[in-house]
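Reader: I would like the terms used for this model set against their cut-offs. Please take them one by one.

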Amino acid sequence: MTSVRKQHDQRTGEAVPVVELRQVGKAYSRKPVLHDINWQVYTGEYWGIIGPNGSGKTTLLQLISGMEQPNTGSVLLEGRDIGSYSRRRIARFTAVLGQEGLAPLHYPVREVLNMGRYPYQSWLGRDELDTADELIDQIMDRLDLRSLADRPLDQLSGGQRQRVAFGKVMAQQPRLLLLDEPTTYLDIAYQIHFMEWLDEWRRESGITIIAVLHDLNLAARYCDRLLALNEGQMIHAGTPQQLMQEEKIRDLFRVEPAIVHHPDIHVPQLLLKRQ
Ligand SMILES: Nc1ncnc2c1ncn2[C@@H]1O[C@H](COP(=O)(O)OP(=O)(O)OP(=O)(O)O)[C@@H](O)[C@H]1O
């Protein structure tokens with residue numbers, strides 16, 4: 001797998017954020033859904049976005065992926081306004097994995113993984129990476145997909161399709177990975193496998209990850225930073241230790257929390273008391 005290098009400002013020598021939001025606001029049909037978001041994400045960071053339903057998490061991801069445009073402020077990728085990038089350039093830079101994974105189409109798994117290489121292929125289908133086939137093989141091994149290589153997607157379970165979707169974004173070799181509740185359809189064993197694969201990939205390649213996660217315990221365990229949104233406002237940004245505090249979780253989600261510490265890895269974990 002290729003590794004991602006940190007970008008620096010040539011004049012000042014300072015690290016340039018991979019993603020920067022400056023005073024970003026977004027409204028749908030005049031209804032504001034994000035207000036004045038200022039946020040910087042640096043190479044190799046792993047951010048979890050948390051917050052109640054409807055707080056603007058998916059909209060934030062859509063602004064960073066270029067699917068939606070802000071009404072006010074600007075979104076920058078490596079210091080340049082996202083509007084100045086071509087579609088193909090964004091497809092090489094950013095990969096998006098949603099909770100739905102992939103539609104159950106009649107395409108074999110290997111071909112679907114190969115679709116992740118489209119941004120690198122000429123119109124004749126030639127990949128600019130000579131070792132693209134080996135890359136796909138490595139990904140299939142890592143994700144336990146070898147035995148499914150020739151099976152069409154529409155004969156796989158939802159969880160298997162989600163693994164294929166993950167393989168496809170790995171094949172895309174992005175610098176930035178955006179995940180929207182990626183573990184929703186996975187059983188608890190695959191949830192942990194998935195988060196471990198992601199962690200391994202990040203450590204090897206230095207990829208930057210931003211993930212919307214409803215499961216605060218997974219977020220606290222794997223992310224090194226959390227951003228909390230409430231009604232379109234950025235309420236907190238900090239480490240899991242800073243955010244996973246009873247008062248903050250109570251205010252954000254209107255629940256009665258009890259924070260305990262994981263017995264092995266000493267990260268804060270959430271239990272819910274009866275209301
Ligand atoms: N395409 C759209 N058109 C109109 N309103 C939208 C659109 N997309 C989102 N919204 C509204 O924007 C607000 C934020 O939605 P968003 O999906 O970003 O929230 P979320 O935090 O991801 O929610 P959830 O946790 O339920 O997935 C909601 O009130 C939603 O109804």
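**Terms and values**

Author: Strand E7 and strand E8 (residues 208-212) run parallel and are joined by five bridges. From E7 the chain crosses through helix H6 (residues 188-205) to E8, a right-handed β-α-β crossover. This is a predicted model, in which local features need pLDDT of at least 70, side-chain atom pairs count only at pLDDT 80 or more, and totals for chains, interfaces and linings use all residues. Residues are numbered from 1 along each chain as its sequence is written.

Reader: What makes E7 and E8 a pair?

Author: Two strands pair if DSSP finds at least two bridges between them. E7 and E8 have five, so they pair. Strands (E, at least two residues) and helices (H or I, at least four) are DSSP runs, numbered from the N terminus. E7 also has four bridges to strand E6 (residues 94-97), again running parallel, with Thr 94 opposite Leu 176.

Reader: What makes strand E7 mostly covered?

Author: Five of the five residues in E7 (residues 176-180) are buried. A residue is buried if 20 or more other C-beta atoms, placed from the backbone, lie within 10 Å of its own, exposed if 12 or fewer, and partly exposed in between. Leu 176, Leu 178 and Asp 180 point one way from E7, while Leu 177 and Leu 179 point the other way.

Reader: Why is Asn 217 called partly exposed?

Author: Asn 217 has 16 C-beta neighbours inside 10 Å, so it counts as partly exposed. Asn 217 lies in helix H7 (residues 216-222) and touches Gln 269 and Leu 270, leaving aside residues up to four places away in sequence. Touching means C-beta atoms, placed from the backbone, within 7 Å.

Reader: What makes a set of residues a nonpolar core?

Author: The members are buried Ala, Val, Leu, Ile, Met, Phe, Trp, Tyr and Cys residues joined through C-beta atoms within 7 Å. The largest such core has 66 residues, and Ile 49 and Ile 210 touch the most other members. Helix H5 (residues 158-171) gives the largest share, six residues. Among the contacts of Ile 210 are Trp 47, Ile 49 and Leu 178.

How values were computed:
Contact = placed C-beta atoms within 7 Å. Right-handed = clockwise from strand over helix to strand, strands pointing away.
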